[in-house]
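What follows is a walk through a protein model, taken one contact surface at a time. Please keep the sequence and the structure in view while reading.

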There are 4 protein chains.
Amino acid sequence: MLNHVNKHHIRVAQNASGRSMNVPVYHIKGQRPGPKVYIQSSIHGAEVQGNVVIYHLIQWLQSLPICGEITLVPNCNPVGTNIKAGEYTLGRFDPVNGTNWNRGYHYDAAQVMAFADTVTAEESTASIKQRFREHLAKAISDKLASPWGLGLAQQLNLRLQQLALDADYVLDLHNGPVSTRHIYIPEYARESATAFNFPHCIFIPNVFAGALDEATFCPWWTLTEILNQRDNRDLEFGVEAFTLEMGSQEVIDFTEGEIDAKSILSYLTVKGLLPESQIQPLTMPRIGVMLKDYKTLFTSWGGMVEYCAKPGEHIKQGALLARVLNIDELDNDKGSHDILAPCDLIPMLHFPSASVLSGTQLYKCFTNYFELTGA
Amino acid sequence: MLNHVNKHHIRVAQNASGRSMNVPVYHIKGQRPGPKVYIQSSIHGAEVQGNVVIYHLIQWLQSLPICGEITLVPNCNPVGTNIKAGEYTLGRFDPVNGTNWNRGYHYDAAQVMAFADTVTAEESTASIKQRFREHLAKAISDKLASPWGLGLAQQLNLRLQQLALDADYVLDLHNGPVSTRHIYIPEYARESATAFNFPHCIFIPNVFAGALDEATFCPWWTLTEILNQRDNRDLEFGVEAFTLEMGSQEVIDFTEGEIDAKSILSYLTVKGLLPESQIQPLTMPRIGVMLKDYKTLFTSWGGMVEYCAKPGEHIKQGALLARVLNIDELDNDKGSHDILAPCDLIPMLHFPSASVLSGTQLYKCFTNYFELTGA
Amino acid sequence: MLNHVNKHHIRVAQNASGRSMNVPVYHIKGQRPGPKVYIQSSIHGAEVQGNVVIYHLIQWLQSLPICGEITLVPNCNPVGTNIKAGEYTLGRFDPVNGTNWNRGYHYDAAQVMAFADTVTAEESTASIKQRFREHLAKAISDKLASPWGLGLAQQLNLRLQQLALDADYVLDLHNGPVSTRHIYIPEYARESATAFNFPHCIFIPNVFAGALDEATFCPWWTLTEILNQRDNRDLEFGVEAFTLEMGSQEVIDFTEGEIDAKSILSYLTVKGLLPESQIQPLTMPRIGVMLKDYKTLFTSWGGMVEYCAKPGEHIKQGALLARVLNIDELDNDKGSHDILAPCDLIPMLHFPSASVLSGTQLYKCFTNYFELTGA
Amino acid sequence: MLNHVNKHHIRVAQNASGRSMNVPVYHIKGQRPGPKVYIQSSIHGAEVQGNVVIYHLIQWLQSLPICGEITLVPNCNPVGTNIKAGEYTLGRFDPVNGTNWNRGYHYDAAQVMAFADTVTAEESTASIKQRFREHLAKAISDKLASPWGLGLAQQLNLRLQQLALDADYVLDLHNGPVSTRHIYIPEYARESATAFNFPHCIFIPNVFAGALDEATFCPWWTLTEILNQRDNRDLEFGVEAFTLEMGSQEVIDFTEGEIDAKSILSYLTVKGLLPESQIQPLTMPRIGVMLKDYKTLFTSWGGMVEYCAKPGEHIKQGALLARVLNIDELDNDKGSHDILAPCDLIPMLHFPSASVLSGTQLYKCFTNYFELTGA
């Protein structure tokens, strides 16, 4: 093997038996300097496919020349992975209090503004970058040191964020319930859409809702805007962060995992980490949508649902999305009820169970979508 | 419509708000006398596809001439259907105590022996049949009237069994986790295997484990054996009961439901209930297995699993069944581990989640299977 | 009975069997006009004691002369009440997605500002009050009519909020895990602290986190501040809202329920609804704390915990709060570990299970508390 | 310390991250030979108090002269301990399939009969005992070596049973939901009732339902009966096994734990393991009941329940056990409903949540109980 993989474990929690719950951290340092990359998977415990993607990435990265460093953290949430409820994995939230495992990362806009005050109009990009990283690192370790403690999900998130803080490129690997491939991209990094092989791209604004990608790009985005506006500069820090949704949860598929590994390798190639890599992004149709047009369809009915529209299909307004069976009316024409598309749309994912209460998130859909051009 | 569908609801439980939990009972009485049939679905709350099958059956049965009576009870377990745990349905057992919803039906071998003592060698089949039904009905209502009460699952089971008690043919509609079609058939009714369109048939002995099919046939089977042996008679009561496993849980599929509805209609046709029906059993390969050869493969590893062998596939001894990812060894050749078939087998179903602890039921498989001949 | 209780049911959800989930609404209209009161209980399904309190209130209110109207909604969340997970009730959040059942009420500060623009400096309090209520009602019904639907918890919250919208006084009855009595009071209604018989009072600022009390007072508070500052007026709309925490969850106690019913009756007496009531607030010590000083202690250890400090006890800095058993070190002096109070404090509640992961919310505590004076 | 505590860990399972789940095994070998004792706790994950009892036992046993050997296994089910569902621990059954964690131990009556055939009328007790232990050990290791694997609960149970197999005295430490102290005693060991300080004793027959105490005594009991009857001998193997129910689940209490530790030490003293111990069984009233008279009261109502009768109270026939609130009838005399004692009884435990569906196990009660005489 060309590259040695350094492996260690970090403790992210302690279970009720008092045992440590550890996460493996794989680290590969290239022969030459270059950007730093951080990739994690399975912060939501049932979204396991990213672990296979990391498996394939590690196979490739051991034998490719590398400029830079890559940190890979599979199965980054050992609590979430191990909470079964029936045959499935209750991995999206803390079973004790309902806290989503992907909402407790650190971002504090006020702190960014205060930091901006310490930057002079003459300070170099490199210097700002280094000082800001130190600032963020301190903010996180201060939070972790709180004398009153922190909740489990937040502790977990902050310990992972510490690993990600130095990275220029952060990839958080997720899956949807029953889902087709899509990727979340900050609006300013729109050009990177064509560096991956994702057919569906969601462009998100500078708004923080607690996730790792946002926690990564919001500070830099906000700082850039403040300084460029204040000092009329043209600073770019080059930090990018993405959430990759790579198909359905509860599934491991080694073959599909290779496809996504190549997609990530092509991004790394574009970003200059893999100087001899032949893995280029595919020429393929890509569809984009602004986050505000990525809509959730909730059912107003409870019942048993056939998901007729499949993720990735283009559905016209008024076409059939789903049929709901009504078990009390099987002998008359109310025995089933059609749910129709409220507008032209492309479902990205649907709920994974046929049994739904009213108010269940049936589908998440692209509306007002557009074709991306580029590679 | 040729036939009127009579519909009423029965109360099977009361929830913590003190509200009744009701089950719809659809009943169709034919123009002419004939056998009685009882069909229920979704005793396991996540196994919902039987509800669609009943929907299709009701459509057909409204317009076909019928000799006999058919009772259809969809969604027969409103408690199980409505327990969500995460996005999935925790429908196989009572969430309070783990009791499987399909293990509390009534059968008491000692009572059957006592009843046999009341039968003379001259009593007619019809008379025995009627008296035995009354005996069973009394045993169940006595149990339900216990001054100390009964557990929820048992109450539910017994109330459904009361509806099924008069039937000659009892069909309990289930689904597997991720599954292909298979059917449980009592050994004595082996010929009925060719009246359905199920490619995989499991023949079960006269052993009671608590399920509805067993609770239906065990009393008659036991009584028949006792009397025939004791009096050297050749009595046949003609009661049959089956558990139909019609594909995967958590799924509603109207098109697949029609296939299974036709399979059931062909059984009813063979049994004489549908004198003008054109729906005959298909000529198709059918594979049988004795229950003792229907084996469960448990994993001795915990990890993340790709289910490489698909339900229905013929797998040779030593061939790949599953691959387990080991997230702590992604940088070396222990990163994945193959699980091989311990003998020639056909998987019927596999676990629905990639995340498994050691001791998880990975696959249930036909071994020592054989081809069935007949229609 | 002096007063007739009007009862109807509203549908708040539909379950997976397609059945309506209803909530009872009890309404009592007094002989004379007066303020309107809205009282609900059990929005968190395991916090059932409020239902007993409403039971007692209804007994009293049937025979007392009343000026005004009182709406009582027990068991207002039939979904939460009925989700069992093991023997306990998983009632704090939607089991599908982790959404806290008490975080989806409506408040939109921007809308309040826009409404303020429509108010002239001359408009009367009564007119503003009526128009603002209409405005809020429309905002909520618009939200409920969204063509893409709404999540289950939000639907439930908004339908309850519609019932509460006309009320001058809103009481939301809760329980803590293992808890002593405490009450949340908006800072501006501080004087009402002495109208209830709660020994512990938390004063909260004008910040919206999604709960019913906040959703009730934030709009009026914000509107008052805007108008009074802009027009130099001294408007008071007199709307008050409280969250009453009345002891431990998972418990029904008829005797304790009477104590809390009297506490509420004494508030209603003070507010003029019960002109002939003899039920006056008790003279008793009351302790107050500002919300920012109501602190959560998270454990940094996983293990098995004895909660040595009891809710309501005054604990000195450095005194023993809890002991954690370490099952791997029972043979040495690390077998148990003490958790000490980081400052003087009064625990209001502690976690209800001995088994805790790291990051579990062990205690919620008053710090920097003070004595209240008054009645 | 007089005695050294030997500690090691055994692996009982592997979680979905592929990590071992270990159980600590503490072993103390006395200065002189004597009986062997096996004590485990927390096979049901929420029943944690036994861990404290073992903590206290280890403190005592380190300084007392011992004849024999004692193995102590706290927290013997790390899977069950760590499954949270809401704030509580879902520890009674495997969350995947509902299997009770205390039902998978090994006992095979047919094997015992076959073994009995190998015993001659002249074989000594010691020789039979040794050979039978080897026989049982082989049966269990054969089972564990099954090429198709075993379920998680069964694997766990068998690995613990391997540790218990050599013991003369086996104590399995449990808790009830909300419970007072009681103990399960095999009928033949009735005299040991007075060696413990348990006020309530349940005498159980030679019937196997899967629990550790039964799995321990059933083989010896059955073998004794076969051989004594066949050969007209008077063999006694002296193996005893008990299930100790020491109060309520979800609770750690160091002071109460000392009481139960002393109760166990007094049993060990009586059995000769602690020659210099001053800890004698208390003189106290003890009440006994035959297992068939230990009855479960199920509710036929769903609703919200106050448990008026407390565990340990003597309740007369017709007296109040519980009151059920009916939230739909709070305005009339059906607002609450009394549940009365069907006969004279002593509740041992009640359900831990006020919210119950119909068919919930409200109380378990001694009926037809009697006073024990003796120490």
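**Contacts between and within chains**

Between chain A and chain B, 32 residue pairs are in polar contact, both residues being at pLDDT 80 or more. A polar contact is a pair of N or O atoms within 3.5 Å; within protein, one must be able to donate a hydrogen and the other to accept it, and residues adjacent in sequence count only if both atoms are side-chain atoms. This is a predicted model, in which local features need pLDDT of at least 70 and side-chain atom pairs count only at pLDDT 80 or more, while totals for chains, interfaces and linings use all residues. Residues are numbered from 1 along each chain as its sequence is written, chains are lettered from A and ligands numbered from 1 in the order in which they are written, and side-chain values use heavy atoms, with hydrogens and water left out.

Several elements of chain A supply at least two residues each to the side that touches chain B, among them strand E1 (5-14), strand E6 (88-89), strand E14 (303-307) and strand E15 (320-325). Helices and strands here are DSSP runs numbered from the N terminus, helices (H or I) having at least four residues and strands (E) at least two. Helix H1 (49-61) is also on that list, and H1(A) gives the most to this side, with six residues. By class, the side of chain A that touches chain B has 25 nonpolar, 15 polar and eleven charged residues. In this scheme Ala, Val, Leu, Ile, Met, Phe, Trp, Tyr, Cys and Pro count as nonpolar, Asp, Glu, Lys and Arg as charged, and the others, Gly among them, as polar.

The contact takes 51 residues from chain A and 51 residues from chain B, where contact means heavy atoms within 4.5 Å. Together the two chains bury about 4,400 Å², 60% of it on carbon and sulfur atoms. Buried area is the accessible area (1.4 Å probe) that two parts lose on being put together, summed over both. On the chain A side, A:Glu87, A:Tyr88 and A:Leu330 lose the most area to chain B, together 16% of what that side buries. Four salt bridges are found across this interface, a salt bridge being a side-chain nitrogen of Lys or Arg within 4 Å of a carboxyl oxygen of Asp or Glu. A:Lys7 forms a salt bridge with B:Asp331, and their closest N and O atoms are 3.2 Å apart.

Chain A also meets chain D. Here the contact takes 19 residues from chain A and 19 residues from chain D, and about 1,300 Å² is buried between them, 45% of it on carbon and sulfur atoms. A:Arg19, A:Asn82 and A:Val96 supply 35% of the area that chain A buries against chain D, more than any other three residues. The count of salt bridges between these chains is zero, and that of residue pairs in polar contact is ten. Strand E2 (20-29), helix H2 (78-81) and strand E5 (84-85) of chain A each supply at least two residues of the touching side. E2(A) gives the most, with three residues. That side of chain A has eight nonpolar, eight polar and three charged residues.

Domain 1 (5-284) and domain 2 (293-368) come from the domain assignment of chain A, with bounds from an automatic or database assignment. Their C-alpha centres lie 32 Å apart. Ten residues of domain 1 are in contact with eleven residues of domain 2, and the area buried between the domains is about 830 Å², of which carbon and sulfur atoms give 73%. In domain 1, A:Pro177, A:Val178 and A:His200 lose the most area to domain 2, together 51% of what that side buries. Zero salt bridges and three residue pairs in polar contact are found across this interface.

One residue to look at is A:Gln249, in the loop between strand E11 (240-248) and helix H7 (254-270) of chain A. Is A:Gln249 buried or exposed? At 5% relative accessibility A:Gln249 counts as buried, the class for values under 20%, with exposed over 50% and partly exposed in between (1.4 Å probe, protein chains only). Leaving aside neighbours within four places in sequence, A:Gln249 is in contact with residues including A:Pro177, A:Pro352, B:Glu87 and B:Tyr88.
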